[in-house]
Structure formats: C-alpha cells, structure tokens
Amino acid sequence: MTSALQKKIRDHLDRTGYSIAGFEREAGLKTNVIRNILNGYSVKPTPNTLNALARAMNLSVPALLDREEKPFSRFEEDSPIIEKPELMVEALQAILRIAAEHGRKLTIYKACLMLDEVYAYTVQKKLPVIDEEFIRWFVLKTLKEMRE
C-alpha cells in the first residue's frame, strides 16, 4: 500500500525530473532517506526529514502528509441550521461564563466546538431555552479533557 507521503514524493520526482539521489541532495537529506520511504522501509520519518521534504517541495508538513483539513470541515457535515439565534447567543454566553468561573479562557475554535455541541443538543431536544445544567456538565467535562 502506498502512503500519501510516498505518492507526494513520487509525483514530485515525476514532475521535476529529479532522481532520488538528486532530490535527497536538494532537500539536504542523507543518502537513501527518500529511497527508504519509497520502498516502505521508513514508515515514520523523523520530523527533520518531513520538514526538509516539505520545504523542498514548497508544502506544509500537513499538506505533505495529506492531513490538511479544510477550514470548518468539522462543522460542515453535521451542524444544525441556526434557527434560533437567540438560543445560540445565550449558549455561547453560558459557555464563556462557566469557563471563566473556572479560570479558563477559550480559543474561538474551542468555544465554537462547544457551541456546536450545546446548540445541537438544544435544537435536537426541542428546548425553548438553553439547558444550563447540560451546558455546565458539558463545559466542565470538556475543560477537564483539555487539561489531560
């Protein structure tokens, strides 16, 4: 089975016309590093090797490994439609208040992840108001997981 990394390297070699040895020199890698990756002998290259390959190929390391996510990809598939914006605002305020009560500040990303779950729960249960107990439980559980 060919990994994403092997495919990217092969595509780069085909596109640029480099030999394996030539690409190793261009990337500043030792002899046989790329050959070992391509032949499956090196399945977990070192961070230095990945950085050198990414730099030589003008890619980020996540792009090199095909691990780059589209922005908001986690939200696209299963997030509910915002039908009650006032509930969403109240839920976000509750999330931030509970986090602050516990001395925690949230990034926008983490706050949005929590909001997505809390709002989805509220809509799914067809609640007319936010469920403070659920939000408190969920935020404290999530904050604990973030510490671990």
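The following conversation goes through a predicted model of a single chain.

Me: What is the secondary structure of the chain, in helices and strands?
Reply: The chain has 9 helices and 0 strands. Read along the sequence, the pattern is α-α-α-α-α-α-α-α-α.

Me: How much of the chain is buried?
Reply: Of the 148 residues, 31% are buried. The accessible surface is about 10200 Å², and carbon and sulfur atoms contribute 54% of that area.

Me: What share of the contacts comes from residues 24 or more positions apart?
Reply: Among contacts with a separation of 6 or more, such pairs account for 61%.

Me: Which residues touch the most other members in the largest nonpolar core?
Reply: That core has 18 residues, and those touching the most other members are Ile-95, Leu-106, Met-114, Val-118, Ile-135 and Val-139.

Me: And which helices each supply at least two residues of this core?
Reply: They are helix H7 (85-101), helix H8 (108-124) and helix H9 (132-147). The largest share, 6 residues, comes from H7.

Me: What is Val-139 in contact with, leaving aside its neighbours within four places in sequence?
Reply: Val-139 is then in contact with Ile-95, Ile-98, Ala-99 and Met-114. Ile-95 and Met-114 are, like Val-139 itself, listed among the core residues that touch the most other members.

Me: How many residues are in the other core?
Reply: The other core, which lies apart from the largest one, has 16 residues. Among them are Leu-5, Leu-13, Ile-34 and Leu-50.

Me: Changing topic, where is Thr-122?
Reply: Thr-122 is located in helix H8.

Me: Is Thr-122 buried or exposed, and why?
Reply: Thr-122 counts as buried because its relative accessibility is 2%, and buried means under 20%.

Me: Which residues is Thr-122 in contact with, again leaving aside neighbours within four places in sequence?
Reply: Those contacts are with Leu-87, Leu-127 and Val-129.

Me: What about Lys-110, where is its place?
Reply: Lys-110 also belongs to helix H8.

Me: Why does Lys-110 count as partly exposed?
Reply: Lys-110 has a relative accessibility of 35%, so it counts as partly exposed. That class takes in values between the 20% limit for buried and the 50% limit for exposed.

Me: How far apart are Lys-110 and Leu-143 in sequence and in space?
Reply: Lys-110 and Leu-143 are 33 residues apart in sequence, while their C-alpha atoms are 9.8 Å apart in space.

Note on methods:
Residues numbered from 1 in each chain as written. Predicted model: local features only at pLDDT ≥ 70, side-chain atom pairs only at ≥ 80, totals over all residues. Heavy atoms only, no water. Helix = DSSP H or I, 4+ residues; strand = E, 2+ residues; numbered from the N terminus. Buried < 20%, exposed > 50% of the residue type's maximum accessible area, 1.4 Å probe, protein only. Contact = heavy atoms within 4.5 Å. Areas by Shrake-Rupley, 256 points an atom, 1.4 Å probe, with all protein chains shown as cover. Core = buried A, V, L, I, M, F, W, Y, C linked by side-chain atoms within 4.5 Å.
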